[in-house]
Every structure is written in structure tokens, then in C-alpha cells.
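Work through these exercises with the model open beside you. Try each task before you read its solution.

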4 protein chains.
Amino acid sequence: MAGIADELVERTARFVREQVIPLEQDARWGAHGPSSELVEELRAAARRAGLVAPHLAQEDRPALSMRDMAEVFRAAGYSPLGPVALNIAAPDEGNMHLLERVANDEQKAQLLGPLASGEARSVFLMTEPDNGAGSDPSLLRTRAEPVQGGWRITGRKWLITGAVGARFAIIMATTEAGATMFLSKMERPEIVIERVLDTLDSALPGGHAVVSLHDLYIADSDVLGEVGQGLRYAQVRLAPARLTHCMRWTGAARRAHDVAARYACERMAFGKQLIDHEGVGFMLADNLIDLKSAELLTDWCADILDAGGRGSQESSMAKVAVSEALYRVADRCVQILGGLGVTRDTIVERVFRELRAFRIYDGPSEVHRWSIANKIKRDVAAGG
Amino acid sequence: MAGIADELVERTARFVREQVIPLEQDARWGAHGPSSELVEELRAAARRAGLVAPHLAQEDRPALSMRDMAEVFRAAGYSPLGPVALNIAAPDEGNMHLLERVANDEQKAQLLGPLASGEARSVFLMTEPDNGAGSDPSLLRTRAEPVQGGWRITGRKWLITGAVGARFAIIMATTEAGATMFLSKMERPEIVIERVLDTLDSALPGGHAVVSLHDLYIADSDVLGEVGQGLRYAQVRLAPARLTHCMRWTGAARRAHDVAARYACERMAFGKQLIDHEGVGFMLADNLIDLKSAELLTDWCADILDAGGRGSQESSMAKVAVSEALYRVADRCVQILGGLGVTRDTIVERVFRELRAFRIYDGPSEVHRWSIANKIKRDVAAGG
Amino acid sequence: MAGIADELVERTARFVREQVIPLEQDARWGAHGPSSELVEELRAAARRAGLVAPHLAQEDRPALSMRDMAEVFRAAGYSPLGPVALNIAAPDEGNMHLLERVANDEQKAQLLGPLASGEARSVFLMTEPDNGAGSDPSLLRTRAEPVQGGWRITGRKWLITGAVGARFAIIMATTEAGATMFLSKMERPEIVIERVLDTLDSALPGGHAVVSLHDLYIADSDVLGEVGQGLRYAQVRLAPARLTHCMRWTGAARRAHDVAARYACERMAFGKQLIDHEGVGFMLADNLIDLKSAELLTDWCADILDAGGRGSQESSMAKVAVSEALYRVADRCVQILGGLGVTRDTIVERVFRELRAFRIYDGPSEVHRWSIANKIKRDVAAGG
Amino acid sequence: MAGIADELVERTARFVREQVIPLEQDARWGAHGPSSELVEELRAAARRAGLVAPHLAQEDRPALSMRDMAEVFRAAGYSPLGPVALNIAAPDEGNMHLLERVANDEQKAQLLGPLASGEARSVFLMTEPDNGAGSDPSLLRTRAEPVQGGWRITGRKWLITGAVGARFAIIMATTEAGATMFLSKMERPEIVIERVLDTLDSALPGGHAVVSLHDLYIADSDVLGEVGQGLRYAQVRLAPARLTHCMRWTGAARRAHDVAARYACERMAFGKQLIDHEGVGFMLADNLIDLKSAELLTDWCADILDAGGRGSQESSMAKVAVSEALYRVADRCVQILGGLGVTRDTIVERVFRELRAFRIYDGPSEVHRWSIANKIKRDVAAGG
């Protein structure tokens with residue numbers, strides 16, 4: 001597969017450089033993400049380039065391994081709009097992964113096609129406001145009551161990425177038998193997008209919304225997998241989703257570094273180029289180290305998943321280390337650019353804000369550290 | 001003065017709590033700062049409360065010492081809109097300070113009244129794009145050519161805080177005799193606000209703009225101070241301006257901490273309150289330490305300025321340490337709030353963005369460290 | 001008192017420079033601290049200089065305030081041997097403080113004289129091995145059983161500073177009524193110094209030992225204070241003891257900085273003085289900031305104690321922040337000195353090791369952060 | 001080779017566990033390293049286990065690749081005495097590497113045998129005191145003057161690892177043609193070991209000494225390689241030597257982590273196991289991340305060297321990142337152990353001191369960051 005991946009990486013890199021980056025200053029990229037129109041324009045370009053959801057199985061080749069995905073996704077992430085263009089962004093990419101593993105044939109037939117082609121977008125309705133489910137999924141408050149032939153769901157969700165404009169939803173709700181996943185189309189009167197939140201990050205279409213569910217009826221045939229297995233399925237989605245975040249954002253951080261490195265070689269201050277000031281040069285050196293470490297940890301964890309491992313602890317380790325390393329990179333780039341760094345005249349400002357959010361999305365560092373520590377405890381108890 | 005300061009601090013704190021904070025979610029506070037209308041509303045409230053520019057000499061008392069200002073400004077900064085309301089925000093506060101020390105009587109009579117009352121706003125046209133003046137003011141590219149009875153200025157400035165809506169400008173430009181400061185009203189066809197930059201921070205009215213000067217005629221009577229003394233005057237403005245930044249933003253960081261501390265006492269996760277997780281509690285503990293250190297360093301430097309010192313090294317030390325400490329506080333608060341922290345549903349998101357910018361405004365940390373190191377070198381050479 | 005303190009500080013600084021520093025390379029300063037002989041030599045010099053226990057009340061003046069002590073102790077700490085010379089080192093300094101507040105007149109008459117004059121040394125037998133008392137004093141395992149006319153104590157203590165050569169001991173042991181403090185002379189067959197530990201730090205006479213108590217009889221008249229009040233008395237000792245640690249070690253870190261700054265101005269590398277490399281200059285700048293912050297936090301807390309406050313939270317804040325700041329200073333100094341820094345050819349190597357230990361002695365940072373967080377929680381609950 | 005390496009790793013791990021670790025508390029391991037006798041005892045054990053210099057070519061297999069060495073050296077480094085036992089410690093391991101690449105057949109015949117068998121030790125006389133060669137090798141002050149049939153060398157070297165007890169020396173000195181390497185036996189009256197330095201680290205036999213050369217005559221046949229090529233040869237030695245440091249010390253840091261993790265699972269404080277305190281558990285989690293990152297960076301760089309790359313920038317990146325990551329691990333372990341951590345009752349105290357020195361040995365972090373930054377500058381200039 002190395003040949004295929006290399007070629008894909010090269011094509012992806014060129015596509016991002018030539019077709020995505022020029023659209024980064026487009027006014028349609030607003031505070032709540034790129035507009036539907038801009039997304040469509042980006043995806044049309046990706047279609048022409050044969051780069052829509054390139055990690056999935058194609059007619060002439062199987063799906064990419066996680067390790068190969070890592071290379072391609074990093075190339076795509078070199079622009080924060082790249083993953084959206086290629087249809088490999090959250091939450092769709094993770095939702096496709098989940099559906100492939102858990103949905104039945106009928107559900108797959110109905111949902112995976114439009115998702116994979118980038119024609120439709122989807123949402124994952126899990127996190128909740130008001131002391132509900134967040135890092136601790138056991139706090140789930142949205143309830144699904146059994147009714148004739150199905151379920152009736154009521155609750156409120158928030159930080160729902162991409163709700164505006166999404167066609168399908170995967171909904172997590174509690175039942176007597178435990179957390180359960182349900183499928184629904186979004187355009188129903190019982191699903192209300194209350195508001196779109198203003199957030200630090202702004203790369204994903206539709207932004208992050210508050211969504212309430214009012215007596216939403218779901219037929220038994222629209223249960224995803226088995227009743228009561230929701231938390232287990234969430235785990236299925238989790239480790240790879242964390243890792244694809246790491247991949248995409250490593251690309252973005254690398255971009256910020258390249259912008260800062262070029263600036264440091266051009267900008268003069270106090271009689272020499274910025275990069276010749278150790279205060280700046282050392283930051284760039286640390287960037288390279290952090291970027292390489294991020295890449296190595298991601299690839300290490302990808303190999304484990306490719307070998308069939310669950311990668312639970314490993315993906316926690318990668319998530320903490322990569323998100324924090326990339327954030328340091330972005331932070332240093334802002335600092336190197338000085339006044340320019342706090343403006344949106346370069347992409348660095350957006351990357352910085354994305355990466356601040358990454359330290360929280362998919363589990364804040366603290367939750368991962370806690371679960372790694374628990375694993376250490378179990379290992380010591382087992383004589384490790 | 002302690003009695004006066006204590007009373008002022010208490011009144012300021014109450015004013016911010018009761019009249020400013022309720023306006024923080026007002027839609028007129030946009031990406032480029034609060035609108036003129038919102039500013040006017042805030043200032044009208046401050047006028048009613050007798051809290052406009054309270055640090056200046058009043059009929060019944062002299063101006064506040066820097067040390068007393070520190071207390072009042074911290075109280076005002078508890079909302080990012082507080083300093084604007086009280087008319088003690090950058091750049092006006094620093095401009096008033098400069099004019100009081102350098103302007104002649106006629107200039108003072110004309111400018112200081114409307115500035116002090118909060119009726120007019122002013123700008124400081126110093127920093128430049130395209131490898132011009134920034135942290136290194138010797139790179140100044142805007143030129144003032146002598147003409148009959150005055151000067152003709154051409155150049156481009158950027159990151160000019162508050163340009164939109166400002167009435168007066170202090171312009172720094174080079175002459176044969178060196179950098180020089182000039183005064184002008186803003187409403188002139190030769191002064192063009194090219195665009196307002198999108199920036200991380202958003203607390204100051206008018207945002208930060210690119211401003212170009214096209215053959216702008218300035219009469220000799222509108223030179224501020226002496227020709228060729230511009231860099232020296234900039235120093236006059238600098239140390240206190242740095243320190244008032246420290247004061248205001250310490251208030252903002254304290255606010256973020258209070259929000260996060262309350263949240264940590266309410267939010268449950270994994271069977272206990274967030275604050276009972278050491279991962280969170282330790283962050284709050286570090287916040288207290290950083291906030292106290294920031295306060296002590298600011299007060300120490302204020303005492304030096306009050307005693308007549310130039311405080312050049314000391315204000316550099318305070319600026320680096322305080323901006324970095326407060327940033328850590330804000331960053332931890334975002335992290336503690338988790339998903340909520342990346343949204344604008346609390347003020348923490350704005351404070352975080354302000355404080356990221358503070359590590360760059362008024363000289364990035366690196367420039368200050370460099371100048372502190374130079375001082376150490378001189379001290380060692382002097383046998384220190 | 002300012003005049004007295006200033007003069008004392010100046011005299012102390014001169015004494016350390018002229019009489020203590022020259023003895024730092026003396027071979028009698030070994031891995032377990034300076035030998036008794038060297039201590040005696042240092043103290044004799046201090047006696048001649050009128051600088052033994054200068055913080056205590058003297059014939060012509062009262063005891064120093066904590067704030068004045070801060071200045072004097074910092075000056076003394078400029079050499080790691082300075083506090084030993086002046087008889088203001090741990091544990092004697094803290095023991096004197098405790099005895100003054102808790103001992104009865106008879107006990108004071110017997111113990112305080114020889115301690116204050118530096119003729120005798122004392123130990124504080126509190127911490128224990130094998131899951132006994134440490135940061136968590138409630139784990140105390142040494143037991144005192146009531147017997148006719150007194151108590152019989154059995155247990156094992158460790159990390160007992162200064163045991164070898166000490167004349168008196170304050171012993172903490174549990175009784176039915178709770179932890180209790182007992183007084184004893186050290187030279188008794190029931191008290192066995194099992195071994196002296198090899199430790200990172202090496203500034204205190206006698207090092208740190210393991211001491212076992214075998215059926216040690218203590219008469220009722222040798223109970224210190226009241227039975228069952230031991231933990232409360234430990235608190236009396238704690239806050240000031242933490243703070244005097246901060247004072248002394250700030251002097252040591254300042255010394256390391258001075259050594260490193262001079263070296264950086266002399267040593268050439270890659271075509272210029274080390275200090276002109278920003279990588280080095282910035283470290284020195286950060287040193288100055290850390291040293292000043294340490295000083296300000298210590299003084300702030302000293303003022304609170306002088307005003308009669310318990311300073312429990314404040315001394316925890318100071319202890320964490322000061323120990324970590326000073327450690328960073330020492331670590332940077334080692335780094336600046338390069339190969340020289342890892343050798344004992346300068347005092348920096350010893351200071352580094354002392355300061356690593358300081359992050360643990362008198363409560364590791366983690367315990368203090370935990371107690372600060374608890375205080376934040378109580379404050380929020382109280383509506384703070 | 002995977003099979004061979006796996007078996008070697010397993011055997012090495014067992015050997016260290018069963019034969020080396022029990023000797024760690026041996027009194028013959030002093031401040032200047034293990035005594036000759038202890039070294040001989042360790043090596044005899046390694047000989048019996050067939051584990052002397054296992055990375056070199058053996059009768060039945062070629063030399064290990066760097067990547068395989070990484071695994072074996074990490075297993076050996078699990079005790080700080082392991083590399084000495086296996087004869088893969090600095091400076092011998094690097095000297096052997098250098099001799100293999102640069103020495104002529106006669107020199108090899110004479111030197112490599114006794115070195116490889118662990119019968120003799122060698123030194124590398126490069127670094128100098130008094131503003132001589134250190135991180136900046138161009139400052140070399142030791143001079144070699146051409147004389148009849150050879151050279152006469154005079155100068156002073158310091159931080160010469162293993163001088164006491166070494167049989168051979170590689171000496172770097174300047175000639176008209178540039179820096180040159182010379183070979184000599186150590187036992188000559190013109191070579192004087194002035195003193196052994198007291199240093200933070202203590203794992204290497206012979207410690208670190210000051211060595212002076214007085215008119216030392218070296219025959220032309222004892223020039224190593226070509227005259228004037230000394231700096232180039234030093235580079236040959238450098239990248240792999242840095243990397244083997246990384247390998248060995250990763251083992252040591254892993255050991256410290258294992259000790260701390262076990263302690264954290266046994267020690268109770270404040271009502272629960274230490275590891276259940278997040279303040280401790282998070283440190284252990286960060287250890288795992290740092291250890292894994294260190295391993296991945298080392299292996300990445302090893303692969304580059306195995307593929308024939310010079311690995312100059314990559315080994316600088318690895319050296320900085322690995323030394324700092326491992327140091328953080330050791331520092332956290334000391335902190336987790338609390339009072340126990342500052343004593344030599346566990347190996348952690350020694351590992352901490354070794355790792356502090358590692359941040360300086362083979363080029364302090366600052367020198368590596370500087371050279372990485374220079375590479376970034378060249379890459380940007382090349383259009384990268």
C-alpha cells in the first residue's frame with residue numbers, strides 16, 4: 001500500500017496547496033465555520049481531484065490502514081479547510097467509522113452512501129449541558145422511553161458539531177437497559193436547533209449548536225446496534241476518532257510552523273533576521289521536535305489499531321501528548337509573528353484557536369491522564 | 001490616600017458588578033470591540049457613578065499614585081468592558097499620560113479635556129507593517145518631511161488600536177533629527193483607515209486598524225514636544241502603559257478564575273465535584289499563586305514609579321511575568337470549564353483571547369527578556 | 001526597626017562574604033553536612049561578629065519581625081553554610097520558635113539558652129518510614145503508652161535532620177488523647193541512630209538520619225504543652241518554618257544566579273559572550289523575575305504573620321511558589337554553567353541539590369496545592 | 001535480526017535484574033563511580049552471561065543495527081550500572097565506534113581487542129577548562145607541535161570521563177592544519193590526572209577528571225586518521241554517541257518510573273493510595289508519555305542512521321527531546337517518592353542526578369536548539 005499512500009499524500013498536498021489554501025481568506029468562512037456554499041465549492045473541487053473520503057475503500061483498492069490515513073490526513077490538515085474539502089472531518093469521518101462497524105445492512109445502505117460521497121452531513125448527539133454527559137458519559141440525561149414499536153426521546157444536547165445543515169443524526173440516550181444509540185434524520189419538528197454557540201474554534205461547517213429533542217419518536221428499526229450497548233459503541237468510535245483528530249491537526253500545526261519559519265527568515269529586528277535571535281530560533285527548533293513527536297506518537301498508535309488492538313490507553317496517551325504538543329507549536333507561532341500573530345492576516349490565528357479547543361475536544365487532557373493512571377495502577381497490581 | 005483609594009476600589013467593584021457585567025452578553029460587543037453606542041452607554045453609566053477617569057486629579061483630590069491606580073484598575077478590569085466604561089483603557093489612558101507630561105499648555109487645553117471626560121477617543125500611530133517599526137522602534141518608516149510652516153507625513157501604520165471613531169491622533173514619524181511625535185485630528189482626507197483587522201482580542205472600541213497617511217500636513221504648532229525626541233517620549237509613555245495593562249488584565253484574570261472556581265464547585269464528574277479532582281483543584285491553586293504574584297509584581301513596580309524611578313527594567317520584568325502568569329490563569333480556566341470554556345457562554349473565552357494578545361502587546365516577552373538580560377550584563381560589568 | 005534591620009542585613013551580607021564563603025570548599029563539608037568541627041568554627045566566627053541567632057530578642061532590642069527576618073535570612077542564605085553559621089538553620093530555628101510558644105518556663109529555662117547560643121543542637125522527631133507519618137501526619141505510628149509518672153515511647157523515625165550531634169529532641173508520638181509532643185535529651189540508650197541517609201541535599205549538620213525509640217521513658221514534666229495537642233503545635237511550627245525556608249533559600253538561589261551571571265559574562269562561545277546568546281540571557285532574565293517573585297511572596301506572607309494572621313493558606317502559596325521558582329533558578333544556573341555546572345567547582349551544584357529537596361521538605365508542592373484547593377472550595381461555599 | 005535482538009533484549013533484561021540491580025547498594029559504588037573492583041565483578045558476570053559488548057559483531061552474527069542496539073541498550077540501562085557491566089557505556093562505546101571507522105588496521109589490532117572485551121578502558125580527551133573547547137570545539141587550546149617523527153602536545157583537559165584507570169586515550173589537539181586526533185596509552189609521566197571532579201552524576205567508572213598533558217610526544221603512527229580532520233571525526237563519533245546516551249538513559253528513567261509507580265500503589269496518604277491522588281497519578285501518566293516519546297524519537301533517529309543518514313539534525317532533535325523528557329520523568333519520580341525520593345534508599349536519586357547531567361553532556365540543549373534553528377533557516381532559504 002505504500003505506493004498508493006505516497007501518491008495520495010502527494011496529490012492531497014498539492015490539492016490543499018492549490019485549491020484549498022487560496023480559499024482560506026474567503027469571507028464565507030465565518031465564525032461558525034465555512035458556509036454550506038463554501039463547503040460545496042471545496043467538495044466539488046475535491047471531487048474533481050478524486051479526493052473525496054479517500055481513506056474509504058475504493059473500486060480499485062481497499063480502505064487505507066490507519067497508518068496510511070495518518071499520512072493522508074496530515075496532508076489534508078495543512079489547511080484547516082482541507083479535511084472539510086476531502087470529507088474527512090469530524091464528526092462525519094467518525095460517524096462513518098461507527099456506522100460501518102455497528103449499523104445493519106439496511107442502515108448502511110441508506111446512510112453510508114450520501115455520507116461517503118460528501119453529499120450529506122451528519123451529527124453525533126452525545127454531550128449535554130447542565131451537568132449532563134460530557135467527559136463522564138455516565139451522566140447522560142437524555143432519556144428514551146419505550147413506546148409502541150419504538151422509542152420516544154427527550155433531552156437537550158450541546159456542543160453538537162455541524163448540526164446546522166446536517167441530514168442525519170446519531171443520538172445517544174439512556175434506556176432501562178443502558179445507553180443506546182438511535183438514528184434519525186435531522187429535519188423533524190421534534191428536533192430544534194436552539195442556537196449556534198460562539199466558540200474559539202471555527203473550522204467545522206455548522207459550528208457547534210445546542211439541540212433539543214422533544215418527544216422524538218424513533219422506530220425500533222432505527223436503533224443503531226443493540227439497545228443498551230451505546231457506551232460500548234461510543235468506545236468503538238472513540239480511539240480512532242481521537243487519532244484522526246491528531247492526524248488532521250498535526251497538518252495544521254505544521255502549516256503554522258511553516259508560516260512562522262518563513263516570517264522569521266524575512267522579518268528584521270534589532271539588526272538581524274528574527275530567526276537569528278535565539279529567542280525565536282529556539283522556538284522554531286522546539287516546534288520541529290513537537291511536530292515530530294506528535295507524528296511518531298500518532299503513527300505508533302495507528303500501528304496498534306491496524307494490528308487489531310483497542311488502543312485505549314495508547315490513544316489516550318497520543319491524544320494528550322499530541323494535542324498539547326501541537327498547541328505549543330501554535331502558541332509559539334503566534335508569538336513569533338508578534339503583532340501579526342494576533343491578526344487573521346495569516347492562518348496561524350485560526351490554527352491557534354483550533355488547537356486550543358483540541359486540548360478539550362474528545363476528552364480534556366485531564367480525563368485522559370486519569371485513565372492512563374488507572375491503567376498504570378492495574379498494571380502494577382498485575383505485577384507489571 | 002488609602003481611604004480615598006479604598007472607597008474608589010469598592011465603588012468601582014460595585015459599578016462593574018452591577019452595571020458593566022450585565023452588558024457583557026450585549027450583541028453590540030462584536031469582534032472589533034464594543035460599538036460606539038455601547039461605549040457611550042457604558043460611559044454614561046460611569047459618569048452617573050462618578051467614575052470617569054478616576055485616576056486623574058479631581059476637584060477635591062490629586063491624581064492617584066500608581067499604587068492606588070493599581071487597586072482601582074484591577075477592580076475595573078474585572079470586566080473586560082470595565083476599563084472602557086471608566087475611560088481608563090488603552091490607548092487613551094496612555095495618551096493622556098503622555099500629553100500631560102509632554103504637551104504644551106495650548107495642546108493640553110485643546111486635547112486633555114475631551115479625552116479625560118471620555119467624550120473623545122484618541123489613537124497612537126506608532127507600529128507599522130512591512131518590516132517597519134514594531135518591537136524595534138528604530139525601524140520606523142513613516143517619514144515627516146519639513147515644509148513651509150510644518151511637516152508633511154507619509155506612511156502606513158497598523159495594529160492601530162481604536163482608529164475607527166477616534167478624534168485625535170498622536171503620530172510617530174522620522175525626521176532628519178530623529179523620530180518625532182505629531183498631533184492631528186483624525187477626520188482628514190489624508191488619513192485613511194484602510195481596514196480593521198480581525199484579531200484574537202476584542203475588548204477595545206474600534207478594534208485594531210491599518211491606517212495610511214498620504215501627504216498629511218502638520219503645522220509646527222502641532223509637533224508634540226521637541227522634534228527628534230519621539231523615542232524618548234515613547235519611553236515616557238511606555239513603562240506606565242505596560243503597568244496599567246498589568247493592572248487591568250489582572251482584574252480580568254481574577255474574573256476568569258472566579259468563574260472557573262464556581263463552576264468547579266458545581267459541576268460533577270466521575271462521582272465528585274470537579275474541584276475535588278486534584279487535576280482541577282491544583283489548577284485553581286496555581287491560579288491563586290499566579291494572581292497573587294501578578295499583583296505583587298505590579299505593586300512593586302508601581303512603588304518604584306511612584307518614588308520617581310524610571311522603572312524600565314522593573315516594568316519589563318513585571319510585563320513579562322504578569323502577562324505570562326495571567327495567561328496561564330486564563331488558559332487553566334478554559335481547561336477547567338471544558339466544553340463550556342471554548343464557548344462564549346462565559347466571559348472566560350474572551351479573557352483568554354485578550355490575555356493571549358497581552359503576551360505580545362507593548363512588547364512581546366522576548367523583547368523584554370532581551371532587555372532585562374542586557375541590564376544584567378551592564379550590572380555585572382559594573383561589578384554587580 | 002528598619003534601621004536595625006538594614007544594618008543587620010548589611011553586616012550579615014559582609015560576614016557571609018568574608019567569613020563563610022571562603023569555607024565552602026573546606027573538605028569538612030561532606031555528604032552529610034558540615035562536620036561538627038566546621039560548624040563550631042563557623043559559629044565561633046558568627047559569635048565574634050555578633051551574629052548568632054540575630055532574629056531573637058537581644059538586650060537592646062526586641063525580636064525581629066518576620067519581615068525583617070526575611071531580609072536577614074536571605075542575606076545569611078547567600079551561602080548554604082550561612083544559616084548554620086548564624087544558628088538560624090532548620091530544625092533549630094523552628095524548634096526555638098516552637099519552644100518559645102509552647103514550652104513552660106522550666107522547659108524554656110533549660111533548653112532555650114543552649115539552643116539560642118548555638119552551643120547545642122536539637123532535632124524534631126516527626127516523620128516516619130514504612131507508611132507512617134509524612135505529609136499526612138495522621139498516619140503517626142510511634143506510640144506513647146502511659147506509665148507510672150510518665151510515658152513509654154516506641155517507634156521509628158526517619159529523615160530526622162541533624163540527629164547526629166544533637167543534644168535535645170522534640171518527639172511526636174500518639175497517645176489515646178491524640179498526637180503529643182515530648183522532650184528528651186538525645187544521649188540515651190533507648191534512642192538509637194540507626195544510620196544516616198545519603199541524600200540529595202547536604203547543607204545541614206548531621207544530615208538526615210533514621211532514629212529508633214525503644215521503650216523510651218519520658219516523665220510527665222517533659223511533655224511539651226498538653227497531651228493530645230501535638231498536631232496543633234505542629235501547625236504553630238509550620239507556617240513560620242516554611243517561610244524561613246523560603247527566606248534562606250532565596251539567598252542561595254540569588255547566589256547561584258550571581259555565579260551564573262558572572263560566568264555568562266566571561267565565557268565565550270560561538271563568537272560572543274554567553275550572555276549575548278539569547279538562550280542564556282533569557283534564562284538569566286527569568287532568574288531575576290523568579291527571584292523577585294519569591295522575595296515578594298515571602299514578604300507578603302511575612303507581613304500577614306506579623307499582623308497576627310495564621311497564614312496557613314498564604315504560607316502554602318508561598319512555599320509552593322517560592323520553592324518551585326528557586327528551583328527553576330538553580331536549574332537554569334546549572335544549565336548556563338554547562339559542564340562546570342555539574343561539578344562542585346562552583347557552589348551552584350550544591351544549591352541545585354538543596355533546592356530540589358526544598359520542593360519536598362516541609363510538605364511537597366502537591367500537598368500544599370491540595371490544601372489551597374480545599375480553601376478555595378470553602379471560600380466558594382461561603383459565597384466568595 | 002529481530003529474533004536475535006529480541007532474545008538479546010530478554011537476556012539483557014534478566015541479567016540486569018538478577019545480577020546488576022542486587023549490586024546497586026554495594027558500597028563500592030561511590031561518588032566517582034563504581035570502583036575498578038566492582039566494575040570487574042560486573043563485567044565478569046556479563047562475561048559469564050555472554051553479554052559483553054553485545055552490539056559488536058560476534059562470531060555467529062554481524063553487529064547490531066542502531067535500531068536493535070536501542071532495544072538492547074535500553075534493557076541494559078535499566079540499572080545505571082548495566083551499561084558498565086555490559087561494556088557499552090560512555091566513553092568506551094563511542095570510542096570503539098570511532099576507532100572502527102577511523103583507525104588503521106594496526107591501530108585497530110592493538111586497541112579494539114582489549115576495549116571490546118572490556119579488559120581495558122579508554123578516554124576521550126576533548127573538553128577543556130578556562131574558556132577552551134566545550135560545546136564550541138573551535139575554542140580548542142591544547143596544541144600539538146610537529147617535532148621529529150611526530151608531535152608534542154601540551155594542554156589541559158577536563159571533565160574527562162573515566163581517566164582514572166583508563167589504559168588508552170584519544171586526544172584532540174590543534175595543529176596548523178586544524179584539529180587532530182592522537183592515540184596514546186595513559187600511563188605516561190607526561191599525562192597527569194590532576195584531580196577527579198565532584199559531580200552530580202556518578203555512574204561511570206573513574207568519574208570525571210582534570211588531565212594535563214605536558215610535552216607529550218606522539219609518534220606519527222599514532223595519529224588517528226588524518227591530521228587536520230579531528231573535527232570531522234568528532235562528528236562521526238557524535239551522532240551515534242548522542243543516541244546511545246538516549247538509549248541507555250531511557251532504561252534508567254523507565255526504572256525510576258517503575259519504582260515510583262510501585263511506591264504510589266503501596267503508599268497511603270490522606271485516606272487513599274498515592275496513585276489515586278490525581279496529583280500523583282497524572283505525573284505517572286506523563287511519565288509514560290515521556291518515556292514512549294523518548295523511545296520513538298530514538299528509534300526514528302536510529303532508523304535514519306541505519307539507512308546511512310548522518311542524522312545530524314535528527315540526533316540533535318532526539319538528544320534535546322529525550323534528555324529533557326527523561327529528566328522530567330526522573331524529577332517526577334523524586335517528587336512522587338517524597339522524602340524517600342531525596343535519599344539514596346532507592347535508585348531514583350542516582351537516576352535523577354544522572355539525568356540532570358544528561359541535559360548538558362554531549363552538548364547542552366541550547367547548543368542543539370541553536371543548530372536545529374540554523375538548519376531551519378537553511379531549509380527556508382532553500383525554499384522548504
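To compare copies, superpose them by least squares on the C-alpha atoms of residues with pLDDT of at least 70 in both. This is a predicted model: local features need pLDDT of at least 70, side-chain atom pairs count only at pLDDT 80 or more, and totals for chains, interfaces and linings use all residues. Residues are numbered from 1 along each chain as its sequence is written, while chains are lettered from A and ligands numbered from 1 in the order in which they are written.

**Exercise 1. Find the rotation that superposes chain B on chain A.**

Step 1. The rotation is 180°, with 0.0 Å of shift along its axis. The RMSD is 0.0 Å.

Step 2. Look at the contact. Two residues are in contact if their C-beta atoms, placed from the backbone, lie within 7 Å. Here 35 residues of chain B meet 35 residues of chain A.

Step 3. Find the elements. Helices (H or I, at least four residues) and strands (E, at least two) are DSSP runs, numbered from the N terminus. On the side of chain B that touches chain A, β11 (268-269), α8 (278-306), α9 (312-337), α10 (348-358) and α11 (365-381) of chain B each supply at least two residues.

Step 4. Sort by class. Ala, Val, Leu, Ile, Met, Phe, Trp, Tyr, Cys and Pro count as nonpolar; Asp, Glu, Lys and Arg count as charged; the others, Gly among them, count as polar. This side of chain B has 13 nonpolar, 11 polar and 11 charged residues.

**Exercise 2. Describe the contact between chain C and chain B.**

Step 1. Count. Chain C gives 27 residues and chain B gives 27 residues.

Step 2. Locate. α8(C) brings the largest share of the side of chain C that touches chain B, 12 residues.

Step 3. Sort. That side of chain C holds 20 nonpolar, two polar and five charged residues.

Step 4. Superpose. A rotation of 180° with 0.0 Å of shift along its axis brings chain C onto chain B, with RMSD 0.0 Å. That is the relation of a two-fold axis. The same surface serves both copies, as 100% of the contact residues of chain C recur in chain B.

**Exercise 3. Check the span of α8(B).**

Step 1. The expected span of a helix is 1.5 Å times one less than its number of residues.

Step 2. α8(B) has 29 residues, so it should span 42 Å. Its end C-alpha atoms are 41 Å apart, which agrees.

Step 3. Check its cover. A residue is buried if 20 or more other C-beta atoms lie within 10 Å of its own, exposed if 12 or fewer, and partly exposed in between; C-beta atoms are placed from the backbone. In α8(B), 25 of the 29 residues are buried.

Step 4. Go just past the helix. B:Gly308 takes a positive phi of about 95°.

**Exercise 4. Which values stand out in the backbone?**

Step 1. Recall the rule. Most residues other than glycine have a negative phi, and most peptide bonds are trans.

Step 2. Take A:Leu159. Its phi is positive, about 55°, although it is not a glycine. A:Leu159 sits in strand β5 (residues 150-161) of chain A. It counts as buried, with 24 C-beta neighbours inside 10 Å.

Step 3. Take B:Asn87. Its phi is positive too, near 60°. B:Asn87 is in the loop between α4 (82-86) and α5 (92-102) of chain B. It is buried, with 27 other C-beta atoms within 10 Å.

Step 4. Turn to the peptide bond from A:Ala90 to A:Pro91. It is cis, with omega near -5°.
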